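Hi,

Here is the structure I promised to pass on. Have a look at it first, and then read my notes below.

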Amino acid sequence: MPRSKEVFWWSLFSAGGVVSAFFFPATIIITGLAVTLGWVTAEDLHALVQNPLVRLYLFVLISLPLFHAAHRLSHLTIDLGLAHARRPSAIVCYGAAIVGTLLAAVGVITGL
Amino acid sequence: MADENAILEVFRYQPDQKSEPTFQRYEVPFHEEWVVLDALNYIKDHLDGTLSYRWSCRMGICGSCGMMVNGDPKLTCSVFLRDYHPQVMRVEPLRGFPVIRDLVIDLDDFMNKMTEVKAWMIPKEERSIEQGEYLQSPAQLARYRQYSTCINCTLCYAACPVYGRHTEFVGPAAIALAQRYNMDSRDGGYEERAETLFDEHGVWMCTFVGDCSRVCPKNVDPAAAIQQAKVSATKDFYRSLVPWGKRRTET
Ligand code: SF4
Ligand code: FES
């Protein structure tokens, strides 16, 4: 199938967009507002992240938006008229997202 | 009788006489009910017969009178002098295309793209005349109808910043029309179109600026068609990975 590999990256981009749009605000409310306003305590949150499902959620929350950002940033080369830089910029951007994903995986597994 | 004049600055390029383009200023009678194309016709008939431009229907149907008016792609038969007057109107050929002469652009690239994406019906099943028409329900028609109203005016290409920088991009109208046939229940050409539509110069080059949909005089919404095509390519890709996944022939 001589089709572009972009379909794979685009799927991560669009999933990352959904995560950023829906789950980020909820997470920000919980970690940023709810704790500050005293609705939940930091200890509650700490207990919460011991749950494997919550860790999985955090992993998805960190990883997919990284791919969203990588795709958007590497497409800047198109917007800026630098099509020849498309490949190198894709390597840098997606590379950074992959590294970030690996770090997130290590983080949620070891509980760092 | 008009008692005031409207002013137009018109892009002139006559390669047989001058290698550089210039702007020429014309004064035409201002009439409330005149469209910009009427002013160009007045210039051609009364002031300067050498001005070249395309037009035909004067009613937003043929798609041939597209030009930049004060920097924005417009059908000149659909915008009025009163929309701009007393501002000077700067009329230029549609952006992003090679200019043949004055306001006349070269459409070869666009025409080739329509051929590349096979913007025509590729019937799912051949039917003989005796077998009768290809029937379709109103709901099936509704799925692609919006995209089928494209008049090939190429205003969307003039608006698209990606096409402006990279003419290899298949571009808004060709993708919208490919999508129009892909979504047609009578069509079976999805696979044939996919190679052009989903290669690296296809839908993925779109960075979703959305200006194509803003300027489209027929509300085709090519930007939506492009995003929809991306989603169907993605679904197909994941379906092809699982053994029970069946590739759909329409989106
Ligand atoms: S999609 Fe709209 S702007 Fe583009 S060619 Fe068709 S009618 Fe014109
Ligand atoms: S002259 Fe036909 S669309 Fe304007």
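In chain B, 64% of the contacts with a separation of 6 or more are between residues 24 or more positions apart, a contact being heavy atoms within 4.5 Å. Before you read on: this is a predicted model, in which local features need pLDDT of at least 70, side-chain atom pairs count only at pLDDT 80 or more, and totals for chains, interfaces and linings use all residues. Residues are numbered from 1 along each chain as its sequence is written, chains are lettered from A and ligands numbered from 1 in the order in which they are written, and side-chain values use heavy atoms, with hydrogens and water left out.

Chain B has nine helices and seven strands; these are DSSP runs numbered from the N terminus, helices being H or I with at least four residues and strands E with at least two. Its C-alpha trace spans about 75 × 40 × 30 Å along the principal axes. Of the 251 residues in chain B, 49% are buried (buried is under 20% relative accessible area, exposed over 50%, partly exposed in between, with a 1.4 Å probe and protein chains only). The chain exposes about 12300 Å², and carbon and sulfur atoms supply 51% of that (areas by the Shrake-Rupley method with a 1.4 Å probe; for residues, only the protein chains shown count as cover).

Next, helix H1 of chain B, residues 36-47. Its 12 residues should span 16 Å at 1.5 Å a residue, and the end C-alpha atoms are 15 Å apart, so the two agree (the expected span is 1.5 Å times one less than the number of residues). Buried residues in H1(B) include B:Val36, B:Leu37, B:Leu40 and B:Ile43. Among the elements covering the buried residues of H1(B) are strands S1 (5-12), S2 (22-29), S3 (66-69) and S5 (89-92) of chain B.

A few loop residues in chain B are worth a look too. B:His85 and B:Pro86 are joined by a cis peptide bond, with omega about 10 degrees, and B:Pro86 sits in the loop between strands S4 (72-75) and S5. In the loop between helices H8 (211-215) and H9 (222-241) you will find B:Asn219, with a positive phi near 50 degrees although the residue is not glycine. B:Asn219 counts as exposed because its relative accessibility is 58%. B:Asp221 lies in the loop between H8 and H9 as well; its phi is also positive, near 60 degrees, and the residue is partly exposed at 28%.

What does B:Thr154 touch? Not counting residues up to four places away in sequence, B:Thr154 touches B:Leu94, B:Phe97, B:Ile105, B:Leu107 and B:Phe110. B:Thr154 is in the loop between helices H3 (138-144) and H4 (155-159) of chain B, and at 2% relative accessibility it counts as buried.

Finally, the largest pocket. Its volume is about 380 Å³, and 13 residues line it, with A:Lys5, A:Glu6, A:Arg86, A:Arg87 and A:Ala90 nearest the centre. Helices H1 (6-34), H3 (52-79) and H4 (86-110) of chain A each give two or more residues to the lining, and H4(A) gives the most, with five. By type, the lining has five nonpolar, three polar and five charged residues.

For the pocket terms: on a 1 Å grid over the protein atoms alone, a pocket is an open set of points where a 1.4 Å probe fits, with protein on both sides within 12 Å along at least five of seven lines, and lining residues have an atom within 4 Å of a point. Points are joined across faces, edges and corners, and the volume is the space filled by probe spheres set on them. Ala, Val, Leu, Ile, Met, Phe, Trp, Tyr, Cys and Pro count as nonpolar, Asp, Glu, Lys and Arg as charged, and the others, Gly among them, as polar.

Cheers
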